[in-house]
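Colleague: Hi! Could you walk me through this one? I'm still learning how to read these.

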Amino acid sequence: MAVTKSRKISSWTLLVISTITVIVLGIFYFGGINNPGEEVKDPTYTGLLLNWMYILFLVTLAATVLFAIWQFITLLKENPKSAISALIVLVAFVAMLFITYSMGDSKELQLVGYEGEHNVSFWLKLTDMWLYSSYILTVLIIVSVIAGSIKRSLNK
C-alpha cells in the first residue's frame with residue numbers, strides 16, 4: 001500500500017511541476033519581446049522563467065538534503081557501517097565542491113554590452129565550480145557504468 005501511495009504522490013507531483021513548467025515556457029516563448037527589431041532579443045518574461053528555475057532548483061536541493069538526512073538516520077539505526085560509508089561519500093562530495101571552487105578563475109570577463117552584476121569573482125568561481133563538478137561527476141558515471149558492466153560480465 002505504501003508503494004502505491006508513494007507512486008501516486010510522485011506521479012501527481014511530476015504532473016503538476018510539468019504542467020507549470022509547460023505554462024511558464026509557453027509564456028516565455030510566446031509572451032513577446034521588449035526590444036522588437038533589434039538583433040539580440042529580450043523576451044518579456046525572462047524573469048518569470050528564471051524565477052521558476054530557481055524555485056525548482058531550491059525545492060530539489062531541499063528535498064535532496066532532507067532525504068539524505070532521513071536516509072542517514074535510518075541507516076544509522078539499522079546498519080551503522082553503511083551510514084558511515086554514506087557519510088564518507090557526502091564528505092567527499094563537499095570536498096570536491098570546495099576543490100573545484102578553489103580551481104575556479106576569478107578574473108572578470110570582458111563582455112561587450114553586459115551591464116549586470118554577476119561578473120564578479122564569487123559568481124565566476126561558482127560557475128566554474130559547477131562546470132568542473134559536472135565534468136568530474138560525468139566521468140565518474142561513465143567509469144561506474146563501464147566497471148559495473150565488466151563486473152557483471154565477469155560474474156556470469
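Modeller: Happy to! Let's begin with Ser133, which sits in helix H4. Keep in mind that this is a predicted model.

Colleague: Is Ser133 buried or exposed?

Modeller: Ser133 counts as buried because its relative accessibility is 3%, and buried means under 20%.

Colleague: Which residues does Ser133 touch, leaving out those up to four places away in sequence?

Modeller: Ser133 touches Met96, Leu97 and Thr100.

Colleague: And which residues of H3 are buried?

Modeller: In H3, the buried ones are Ala83, Met96, Leu97 and Thr100. What covers the buried residues of H3 includes helix H2 (46–78) and helix H4 (121–155).

Colleague: Why would residues three or four places apart point the same way?

Modeller: An α-helix has 3.6 residues a turn, so residues three or four places apart point the same way.

Colleague: Nice. How many residues does H3 have, and how far does it reach?

Modeller: Helix H3 covers residues 80–103, which is 24 residues. From its first C-alpha to its last it reaches 35 Å, close to the 34 Å expected at 1.5 Å a residue.

Colleague: What about Ser102, is it buried or partly exposed?

Modeller: Ser102 is also found in helix H3. With a relative accessible area of 43%, Ser102 is partly exposed, because that label covers values between 20% and 50%. The C-alpha atoms of Ser102 and Met129 are 7.9 Å apart, although 27 residues separate the two along the chain.

Colleague: Let's zoom out. How many helices and strands are there in the chain?

Modeller: The chain has four helices and zero strands. Reading from the N terminus, the order is α-α-α-α.

Colleague: What radius of gyration does the chain have?

Modeller: The chain has 22 Å, whereas a compact globule of 156 residues would have a radius of gyration near 15 Å. Along its principal axes, the C-alpha trace spans about 65 × 45 × 35 Å.

Colleague: And how much of the chain is buried?

Modeller: Buried residues make up 11% of the 156 residues. The chain exposes about 12900 Å², and carbon and sulfur atoms supply 72% of that area.

Colleague: One last topic, charges. How many positive and negative side chains are there?

Modeller: There are 11 positive and 9 negative side chains in the chain. The centres of the two sets lie 28 Å apart.

Colleague: Thanks, that helps a lot!

Methods:
Residues numbered from 1 in each chain as written. Predicted model: local features only at pLDDT ≥ 70, side-chain atom pairs only at ≥ 80, totals over all residues. Heavy atoms only, no water. Helix = DSSP H or I, 4+ residues; strand = E, 2+ residues; numbered from the N terminus. Rg over C-alpha atoms; globule rule 2.2 N^0.38 Å. Buried < 20%, exposed > 50% of the residue type's maximum accessible area, 1.4 Å probe, protein only. Areas by Shrake-Rupley, 256 points an atom, 1.4 Å probe, with all protein chains shown as cover. Lys, Arg positive; Asp, Glu negative; His and termini not counted. Charge placed at Lys NZ, Arg CZ, Asp CG, Glu CD. Expected span 1.5 Å × (residues − 1). Contact = heavy atoms within 4.5 Å.
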